[in-house]
Amino acid sequence: MAVSSVPVDLSAAMVMTPTALVDWLIILPVVWCILVGAALMLVRRRVQAHARLAIPALALLVVMNAGLLYHVAVTGPVTMVMGRWLPPFGVAFTVDLTGALFALTAGLVALAGSVAALDDVNGSGRRYGFYPFLMLLMAGVNGAFLTGDLFNLYVWFEVLLISSFGLLVLGSERRQIDGAVKYGFLNLMATTLFLIATGLIYGVFGTLNMADIAIKVQAAPERAPLMTLTALFVLAFGMKAAAFPVNFWLPASYHTPRLVVSALFAGLLTKVGIYALIRVCGMLFPTSLAALSPVLSTIAVLTMLTGVFGALAQTDLRRLLGYLVIAGIGSMLAGIAMGGQGGFGGAVFYALHSIVVMTALYFAAGLAARAGGTASLAVLGGIYRSHPGLAALSLMLFFSVSGLPPFSGFWPKVMLVRTALDGGAFVLAASLLLAGFLTTIATARIFLLAYWRPATDETPPLAVVALPVSVLLPLVGLTALSLGIGLFPEPLLALVRVAAEGLVAPADYIGSVFPDGFPVAIPGGAAP
Amino acid sequence: MKSLILRTVAPLLIALMLMFSIFVLLRGHNEPGGGFIGGLIAVAALAIHGIANGVETVRRAIVFDPLAIAGAGLLMATLAGLISLWMQVPFMTGIWIEPSLLGQKVPLSSVMLFDTGVYLVVVGALTGVVLALEERGED
């Protein structure tokens with residue numbers, strides 16, 4: 001109760017310094033998404049109000065995430081502990097540059113998706129709750145990027161998983177439910193593995209706070225079955241990120257939902273897995289991750305190659321893009337396998353680039369399918385003649401995803417290949433270059449068949465289809481972003497370098513959680 | 001379901017269960033109980049109502065759309081966390097006021113608001129599921 005006869009020293013258990021207003025930026029992106037999502041559920045029946053509420057809300061989310069990035073870039077990692085309890089007991093949200101960069105990019109892509117949905121998600125999709133699900137998905141995604149607590153990370157994974165189920169079956173078509181079952185089954189399995197590994201960590205270290213775990217792993221690495229833990233996390237997050245050989249759910253499910261949903265999933269969800277892999281395995285268990293490096297390298301090479309070969313073999317535009325997502329995941333895994341500042345930096349940069357470009361590619365593919373009347377490469381044709389603007393945008397994105405200059409895909413690839421060459425990982429360097437080359441061929445094949453080739457006899461008659469502005473606009477925006485990053489990479493490169501440095505040597509991260517240097521001793525507790 | 005026995009007993013059961021659910025919600029503050037379990041009991045009551053008197057009756061009885069109730073609960077729980085913004089303490093910190101009501105001190109807290117939000121989320125979401133299932137059964 002509030003009134004107690006025994007005087008209690010609150011400062012032993014609670015944060016006594018007043019919370020500055022600017023610190024609320026740490027939690028605000030998540031709280032805001034939940035608030036707006038709840039408000040949208042309240043006005044569930046007034047469908048036309050959804051977009052009007054959600055789009056400005058997501059624009060504001062981008063502003064918040066940009067503010068958070070600025071704050072973190074200026075002051076270093078920041079922490080807020082829920083309910084005032086001192087860490088490691090309270091659930092901590094700790095934001096460093098990596099998290100803030102991911103959150104900002106995710107916000108941008110979600111905004112693009114919400115605008116594109118104006119055209120793509122029709123009345124029934126909105127009645128099923130596209131916008132509320134999108135807001136709650138973003139709450140989960142932001143939460144995963146910003147949290148500093150392992151179990152909390154699991155909770156945000158669940159939040160985004162449940163929302164993604166809803167988005168997948170929007171409209172309840174038979175093949176959508178078929179895709180959702182495969183997606184759901186594998187993802188639930190991955191989440192269960194994640195939970196088991198988290199339980200194991202709690203059993204061993206008696207803490208779930210990431211900074212606290214990092215300290216305890218460093219202090220006494222022999223106390224814990226670190227290799228088992230790392231392997232479990234790699235498997236769990238690898239499933240989420242669609243790494244070979246646990247990636248068959250992605251091509252099986254990503255072509256069934258609505259276009260915007262596929263675009264957002266391709267951009268965001270696999271990268272949350274990559275982020276978690278970097279954060280948990282890279283930051284908390286660096287030594288055992290380095291020991292696992294040969295395994296991860298093999299996985300990375302196989303993921304890259306299965307991705308590009310799958311892309312080369314596909315004739316359905318959206319399925320093909322699903323394989324390109326996987327190829328990109330392979331490149332990020334290569335970075336994680338190499339580790340160190342160059343490896344993590346390359347992986348983070350590649351992930352940011354991939355979030356933007358994959359989403360844009362799905363938009364472009366949707367428009368191409370709309371213009372040509374089909375998504376099959378066997379029949380598509382003549383888009384270059386009928387829609388030169390769309391063809392130009394698509395070509396830029398194809399360059400970007402293949403890692404050709406002057407687009408955003410070029411720089412992370414350079415970083416990764418250079419790190420690989422410096423570290424003597426010649427197989428990885430060769431595979432990265434080979435995957436880039438084969439991606440170029442795969443995308444060139446799309447361009448050749450769907451755009452350059454004159455319309456075939458089987459092509460549905462090309463009436464001049466007016467392309468919806470609400471999809472074109474985000475497409476142009478994201479392509480411009482990719483071009484902008486490609487032309488002026490220095491600011492982002494500098495940020496990514498600092499972010500990667502913070503992952504390799506998380507002293508600042510730990511310092512922001514424990515400003516006094518070490519966690520409070522637990523009287524008679526299990527911890528050392 | 002056309003069962004005279006169930007329909008006769010149902011009002012009694014439902015009233016008891018709903019009261020008990022609120023008791024559990026409030027008791028959860030210092031003792032076992034709370035919003036989640038209280039909400040489940042309330043959903044069970046509404047489910048019995050649905051089985052005895054049909055889904056339409058339940059929908060009329062709860063007035064609002066079940067998912068809107070869940071949304072309101074989520075909103076309430078989040079706002080409960082945001083109260084701490086004005087007190088310069090971190091998100092979700094428990095904040096207490098003790099107004100006097102008829103000479104009796106009534107401790108109120110943001111934690112209780114949060115718990116009530118959880119209660120509503122559980123009631124709304126699960127009632128939506130249960131009613132949809134019962135509707136399917138009536139076809």
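Me: A polar contact is a pair of N or O atoms within 3.5 Å; within protein, one must be able to donate a hydrogen and the other to accept it, and residues adjacent in sequence count only if both atoms are side-chain atoms. How many residue pairs in polar contact does the rule find across the interface of chain B and chain A?

Reply: Four, with both residues at pLDDT 80 or more. This is a predicted model, where local features need pLDDT of at least 70 and side-chain atom pairs count only at 80 or more, while totals for chains, interfaces and linings use all residues. Residues are numbered from 1 along each chain as written, chains are lettered from A and ligands numbered from 1 in written order, and side-chain values use heavy atoms, without hydrogens and water.

Me: Which side chains meet in a salt bridge?

Reply: Look for a side-chain nitrogen of Lys or Arg within 4 Å of a carboxyl oxygen of Asp or Glu. The interface of chain B and chain A has two such bridges; one of them joins Asp65(B) to Arg44(A), at 2.7 Å from N to O.

Me: What kind of aromatic pair do Phe102(A) and Tyr275(A) form?

Reply: Ring centres of Phe, Tyr or Trp (its six-membered ring) must lie within 6.5 Å; planes under 30 degrees apart are stacked, over 60 edge-to-face, the rest tilted. Phe102(A) and Tyr275(A) are edge-to-face, with centres 5.3 Å apart and 65 degrees between the planes. Phe447(A) and Tyr451(A) have centres 5.0 Å apart and planes at 15 degrees, so that pair is stacked. The whole structure holds 27 aromatic pairs over all chains.
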